[in-house]
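Good morning, and thank you for coming.

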Amino acid sequence: MTCDALPQPAVLETPRTKLLSRALLLRFVSIIGSSIGFYLPLSVVPMFAKETGSESGAGLATVALLLATVACELVTPRLITRIGYRWALAVGLVLLGAPTALLTFCDSAWMIVGVSVVRGAGFAIAVVAGGAVTAALIPADRRGEGLALVGLVGGVPGLLALPAGVWAAAHWGYAPVFAVTAAATLLALLSISGLPRRAATAGPDGRHGVLAALRNPVLTRPATVFAAASVAIGVFVTFLPLALTGQPSWVAAAALLAQPAASTLSRLVAGRLGDKWGPARLIGPGLVVAVAGMATLAVTGSPSMVIGGALVFGAGFGVLQNATLVLMYARVPAGGEGAVSAIWNAAYDLGMAGGALGAGLLVAPIGYPATFVLAAVVLVPALAVVRRDRGSAEN
């Protein structure tokens, strides 16, 4: 005797949490504004300083910008606690953009350096406060994908604004570049009223502050790995064009375009995979890919190897950008986003500066190819940090 098979209950898929909210779309406006405000005059200000007769001012402007950025990144979480997301982001945008208007009236070296210091402070506040509010606006189960999308929204305008500023200054003069910089950042202020005022759980007692976070190994380990990768990116962006002086000019241009393009794409992929499997699983493979790409760049005599190395390195670096940041956000409660944003961004800036400075001391005695290999070697010990972090998480 036979019987009909019993009907199986339908498997209901859990609906995915909505990613794009009105507040997040409004946040995209300030992301684009701060990206344009930072990158549009980034190469133009040193050009402006040099043209006005200050060779030292050209270098000091960039150094002052970076030092002010790192210093203010570490204190911005306290500012967020006191005045909230909206006011902190507003202050950052104003300080980032408005001072550039002063350069249309005054071209003295002290003014150029002073404006750079204020802009660096503004960028730090905008990035840290903006990063914290962004993390709060993205659903936890889609944080990897959401942060990858945010990276795309901010990365593309920056990628276009950097060369656009140089081109506009050459064709129209410096004043229009400075005016557009101020306008882009100040207009972004109109979007801030739609953002939350502060974190769901603030940390006035210091439990979620930067100093407490720096004593927490579950946060410092991913930050250390990302800082090591940032050392390599500092070497790449600073010295790759100089290493290719014997090659056609398009080789350096193609490599410098390939790296951020691959990084942007890999951040998107890593975001989806990290939400599915966990970001910690991606950090080790991302490091290995970055090491391989950086080592390949040492073959400076081959255009195909250089461009291929830039693509591979960019892919690995993009994975590390997404995975380390998502992992750090996942390891803090509500209210700790500001500290994570500060530490991650400081690791990025300090790593880049350290890579450029260290490689600058080594290039003359050992040459460019060996310097690129050494930059790849610097990443290898970070694998031990990844292994220790995975072991601690499992225990």
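Let us begin with a pair of helices. Helix α9 packs with helix α11, which covers residues 280-296, at an angle of about 20°, and the two axes lie 11 Å apart. Because angles under 35 degrees count as roughly parallel, α9 is roughly parallel to α11. As for the handedness, α9 passes α11 in a left-handed crossing. Please keep in mind throughout that this is a predicted model.

For those new to such descriptions, two packed helices are described by the angle between their axes and by the distance between those axes. With that in mind, let us take a second pair. At what angle do helix α10 and helix α12 pack? The angle is about 30°, and the axes are 6 Å apart. In this pair, α10 spans residues 249-277 and α12 spans residues 303-330. That angle makes α10 roughly parallel to α12. Here α10 passes α12 in a right-handed crossing.

I turn now to the salt bridges. How many salt bridges are counted in this model? The count comes to 4. I shall discuss several of them in turn.

Consider Arg272 and Glu145, which form a salt bridge with their closest N and O atoms 3.8 Å apart. Arg272 belongs to helix α10, while Glu145 belongs to helix α6, residues 143-172, so this pair ties together parts that are 127 residues apart in sequence. The two partners can also be described by their accessibility. Arg272 is partly exposed, at a relative accessible area of 44%. Is Glu145 buried or exposed? Glu145 counts as buried, because its relative accessibility is 14% and buried means under 20%.

Next comes Asp389, whose side chain meets that of Arg221 in a salt bridge, at 2.9 Å from N to O. Asp389 lies in helix α15, residues 381-394, and Arg221 lies in helix α9, residues 217-243, so the pair ties together parts that are 168 residues apart in sequence. You will recall α9 as the helix that packs with α11. Both Asp389 and Arg221 are buried.

Asp389 has a further salt bridge, in which its side chain meets that of Arg331 at 3.0 Å, N to O. Where does Arg331 lie? Arg331 is in the loop between α12 and α13, whereas Asp389 is in helix α15, so this pair ties together parts that are 58 residues apart in sequence. Arg331 is partly exposed, with 23% relative accessible area. Asp389, with 7% relative accessible area, is buried. There is also a network to note: salt bridges that share partners join Arg142, Glu145 and Arg272.

Leu149 is found in helix α6, and it is partly exposed, at 24% relative accessible area. The C-alpha atoms of Leu149 and Gly271 are separated by 8.5 Å, although these residues are 122 residues apart along the chain.

The second pair begins with Leu40, in the loop between α1 (22-39) and α2 (44-51). Leu40 counts as buried, at 10% relative accessibility.

Met305 is partly exposed, with a relative accessible area of 35%. Met305 and Gly158 are 147 residues apart along the chain, and their C-alpha atoms are separated by 26 Å.

Finally, I come to the surface. Which residues form the nonpolar patch? They are Leu361, Leu362, Ile366, Val373, Leu374, Val377 and Val378, with about 550 Å² of accessible area together. The elements that give two or more residues to this patch are α13 (337-366) and α14 (368-379). Of the elements, α14 gives the most, with 4 residues. Leu361, one of the patch residues, lies in helix α13. Leu361 counts as exposed, because its relative accessibility is 65% and exposed means over 50%.

To close, I return to two points. Thank you for your attention.

Key. Residues numbered from 1 in each chain as written. Predicted model: local features only at pLDDT ≥ 70, side-chain atom pairs only at ≥ 80, totals over all residues. Heavy atoms only, no water. Patch = residues over 30% accessible without salt bridge, like charges linked within 9 Å, V, L, I, M, F, W, Y side chains within 5 Å. Areas by Shrake-Rupley, 256 points an atom, 1.4 Å probe, with all protein chains shown as cover. Buried < 20%, exposed > 50% of the residue type's maximum accessible area, 1.4 Å probe, protein only. Axes fitted to C-alpha atoms, helices over the stretch in contact; angles between N-to-C directions. Parallel < 35°, antiparallel > 145°, perpendicular 65-115°, else oblique. Left-handed = near helix turned anticlockwise from the far one by under 90°.
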